[in-house]
Amino acid sequence: MRNTSFISRISNALFGGNTQTQPTEEKGKLNMKIGIISGSVREGRNSAAVTEWIHDFAVKRNDEGVEYEMVALADYDLPLLGSKLSAERQAEAGAAIQAWSAKIASFDGYIFVTPEYNHAVGGALKNALDFLKPEVADKAAGFVGYGSLGGARAHENMRVILGELSVATVHTTVNFSLMTDFENMSNFVPNDYHAGNATAMFDEVIKWSGALKTIR
Ligand SMILES: Cc1cc2nc3c(=O)[nH]c(=O)nc-3n(C[C@H](O)[C@H](O)[C@H](O)COP(=O)(O)O)c2cc1C
């Protein structure tokens with residue numbers, strides 16, 4: 001137990017201050033972690049190249065006090081939520097759920113790289129989000145997508161889902177076209193102009209992630 005002197009307790013009571021030295025975050029430093037989530041588990045997925053591009057973009061920004069980490073949903077062999085599992089699979093699945101939950105909880109904000117399947121977010125990512133709630137609550141998220149309309153409909157779908165999980169989704173999104181930012185819809189060659197939206201999206205995610213950190 002800390003030995004607080006009578007004088008310092010009186011001083012705190014009278015003046016509201018704390019005369020003891022407290023560990024504080026260095027002024028101006030955000031100390032934030034942003035997860036960049038690759039949201040497809042499909043073999044041969046385009047999300048891998050897009051996630052690497054957006055992670056490289058993030059690292060090059062050199063944001064002071066902000067750390068970026070890529071997370072591939074495909075690395076977590078999550079079961080379908082609530083499905084009946086064999087005893088052998090149960091232990092494995094339990095460990096995967098725990099690892100996913102802990103990894104996602106470790107971030108202050110997120111960039112979700114989302115494919116679009118049938119005008120919505122892919123089923124694997126929706127299922128993975130269904131395992132979460134406190135892990136993501138009162139945090140911020142931005143979106144990167146690709147598709148015939150840049151994944152825009154998947155992003156709108158994500159806003160609804162994340163709203164239910166108390167995640168604040170920022171305005172600007174990055175939308176790659178399967179027709180003009182990919183060769184043969186599989187080799188990712190993004191147009192330079194996407195840098196503008198990527199910059200705005202990162203600025204917004206950092207701003208909101210920093211603000212929301214103060215209320216958790
Ligand atoms: C079942 C299915 C449905 C799809 N629906 C859409 C769609 O509604 N809109 C769209 O833009 N692309 C759609 N696509 C194309 C995917 O967005 C494209 O294949 C993309 O590369 C998928 O992401 P991934 O490669 O990271 O898994 C669909 C693809 C599949 C297989």
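Visitor: Where is the place of Asn-118 in the chain?
Guide: In this predicted model, Asn-118 is not a glycine and yet has a positive phi of about 50°. As for its place, Asn-118 sits in the loop between strand 4 (116–117) and strand 5 (120–121).

Visitor: Which residues is Lys-29 in contact with, leaving aside its neighbours within four places in sequence?
Guide: Lys-29 belongs to the loop between helix 1 (6–15) and strand 1, and it is exposed, with 10 other C-beta atoms within 10 Å. Although Lys-29 and Glu-64 are 35 residues apart in sequence, they are 6.7 Å apart in space, C-alpha to C-alpha. Once the neighbours within four places in sequence are left aside, the contacts of Lys-29 are Glu-64 and Gly-65.

Visitor: In what order do the five strands of the open sheet stand?
Guide: Strand 1 (residues 32–38) is joined to strand 3 by five bridges, running parallel, and strand 3 (residues 109–114) in turn pairs with strand 6 in the parallel sense over six bridges. Strand 6 is joined to strand 7 (residues 167–177) by eight bridges, again running parallel. The open sheet of five strands, with parallel pairing, therefore has the order 2-1-3-6-7.

Visitor: Which strands are the edge strands?
Guide: The five strands of the open sheet follow the order 2-1-3-6-7. An edge strand here pairs on one side only, and this holds for strand 2 (66–72) and strand 7.

Visitor: How many of the residues of strand 6 are buried?
Guide: Lys-139, Ala-141, Phe-143, Gly-145 and Gly-147 point one way from strand 6, whereas Ala-140, Gly-142, Val-144 and Tyr-146 point the other way, and all are buried. Strand 6 (residues 139–147) is therefore largely enclosed by the rest of the structure, the count of buried residues being nine of the nine.

Visitor: At about what angle to strand 7 does helix 6 run?
Guide: Helix 2 (residues 47–61) lies across strand 1, strand 2, strand 3, strand 6 and strand 7, and runs at about 160° to strand 1. Helix 6 (residues 194–213) likewise lies across strand 1, strand 2, strand 3, strand 6 and strand 7, and its angle to strand 7 is about 165°.

Visitor: Which residues are the closest of those that surround the ligand?
Guide: The shell around the ligand divides into three nonpolar, seven polar and three charged residues. Of the 13 residues that surround the ligand, the closest are Ser-40, Arg-45, Ser-47, Pro-115 and Gly-147.

Methods: Residues are numbered from 1 along each chain as its sequence is written. This is a predicted model: local features need pLDDT of at least 70, side-chain atom pairs count only at pLDDT 80 or more; totals for chains, interfaces and linings use all residues. A residue is buried if 20 or more other C-beta atoms lie within 10 Å of its own, exposed if 12 or fewer, and partly exposed in between; C-beta atoms are placed from the backbone. Helices (H or I, at least four residues) and strands (E, at least two) are DSSP runs, numbered from the N terminus. Two strands pair if DSSP finds at least two bridges between them. A residue is near a molecule or strand if its C-beta atom, placed from the backbone, lies within 6 Å of it. Ala, Val, Leu, Ile, Met, Phe, Trp, Tyr, Cys and Pro count as nonpolar, Asp, Glu, Lys and Arg as charged, and the others, Gly among them, as polar. Two residues are in contact if their C-beta atoms, placed from the backbone, lie within 7 Å. Axes are lines fitted to C-alpha atoms, for helices over the stretch in contact, and angles run from 0 to 180 degrees between N-to-C directions.
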